[in-house]
Amino acid sequence: MSVAFNADTDPSQRVCGHCQEQPPAFTAATAELLFDGPIRELIHDFKFNASPRAGMLLVELMMAKAPSFLGEGLLPVPMHIARARQRGFNQSQWLAEQLGKRVKLPVIRAECIKRLPSQRTLNRKERAKNLVGAFCIDKGPLPSHLTIIDDVVTTGATCQALAEEALSAGAKRVDVWTVARTPLVHN
């Protein structure tokens, strides 16, 4: 299921109700799969067991339905250093590096400067509040069009916060490309 949050360029793309009411800072989002059943298991195996086999399969699934225009750089969702140490790796960074090699785009680094509680148990408003001031991108030369890379988009709050930071750092357009999205009834 491909989800676009701004249908200006392609009116056939679906726009969720939340994005119609409050347009996000990112222009479009691609999430071809639902975070459910075997896809959920695969993502959990990758994310919590650091399975390279699961990770490569996720990359293949993303590449099978890549967005038609990716911009000039990939921006993985950063993870606070303490959480990255605890988990052993940042799954978004890993995905971005693998995808960057395939699509021949640089991976742009951002930093998570706020130790955040897990987003998994929070609702839409709590997630947005949790992420205020969480990310930092150097205000240096930044590609004008970035694509955020993540494993799952639920409410879009993480992508919203990172897109806002990228735009304030000089990007002109930010899109989102994730493996999956949670079913709309769950968020």
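Contact here means heavy atoms within 4.5 Å. Helices (H or I, at least four residues) and strands (E, at least two) are DSSP runs, numbered from the N terminus. The model is predicted, so local features need pLDDT of at least 70 and side-chain atom pairs count only at pLDDT 80 or more, while totals for chains, interfaces and linings use all residues. Residues are numbered from 1 along each chain as its sequence is written, and side-chain values use heavy atoms, with hydrogens and water left out.

**Stop 1: H2 and H3**

Select residues 37-49 (helix H2) and 52-64 (helix H3). On the H2 side, Ile39, Leu42, Ile43, Asp45 and Phe46 meet Ala54, Gly55, Leu57, Leu58 and Leu61 of H3. By class, this contact has 8 nonpolar, 1 polar and 1 charged residues (Ala, Val, Leu, Ile, Met, Phe, Trp, Tyr, Cys and Pro count as nonpolar, Asp, Glu, Lys and Arg as charged, and the others, Gly among them, as polar). The two axes come within 8 Å and cross at roughly 130°. Axes are lines fitted to C-alpha atoms, for helices over the stretch in contact, and angles run from 0 to 180 degrees between N-to-C directions. H2 and H3 are therefore oblique to each other; angles under 35 degrees count as roughly parallel, over 145 as roughly antiparallel, 65 to 115 as roughly perpendicular and the rest as oblique. The crossing of H2 and H3 is left-handed, a term used if the near helix is turned anticlockwise from the far one by less than a right angle, with right-handed for clockwise.

Now pick alanine 50, in the loop between H2 and H3. Alanine 50 has a positive phi of about 50° although it is not a glycine. With a relative accessible area of 41%, alanine 50 is partly exposed (buried means under 20% relative accessible area, exposed over 50%, partly exposed in between, with a 1.4 Å probe and protein chains only).

**Stop 2: Leucine 61**

Stay in helix H3 and select leucine 61. Leucine 61 is partly exposed, at 29% relative accessibility. Not counting residues up to four places away in sequence, leucine 61 touches Leu33, Ile39 and Leu42. Valine 179 is 118 residues from leucine 61 in sequence, yet their C-alpha atoms are 7.4 Å apart.

**Stop 3: H3 and H5**

The axes of H3 and H5 come within 10 Å and cross at roughly 50°, which makes H3 oblique to H5. This crossing of H3 and H5 is right-handed. Residues in the contact include Met56, Val59 and Met63 of H3 and Trp94, Leu99 and Arg102 of H5. By class, the contact of H3 with H5 has 10 nonpolar, 2 polar and 2 charged residues.

**Stop 4: The cores**

Select Leu75, Phe135, Ile137, Ile148 and Leu162, the residues with the most contacts inside the largest nonpolar core, which has 27 residues. A nonpolar core is a set of buried Ala, Val, Leu, Ile, Met, Phe, Trp, Tyr and Cys residues joined through side-chain atoms within 4.5 Å. Elements giving two or more residues to this core are strands E1 (29-34), E5 (145-153) and E6 (173-181) and helix H7 (157-168). H7 gives the most, with 6 residues.
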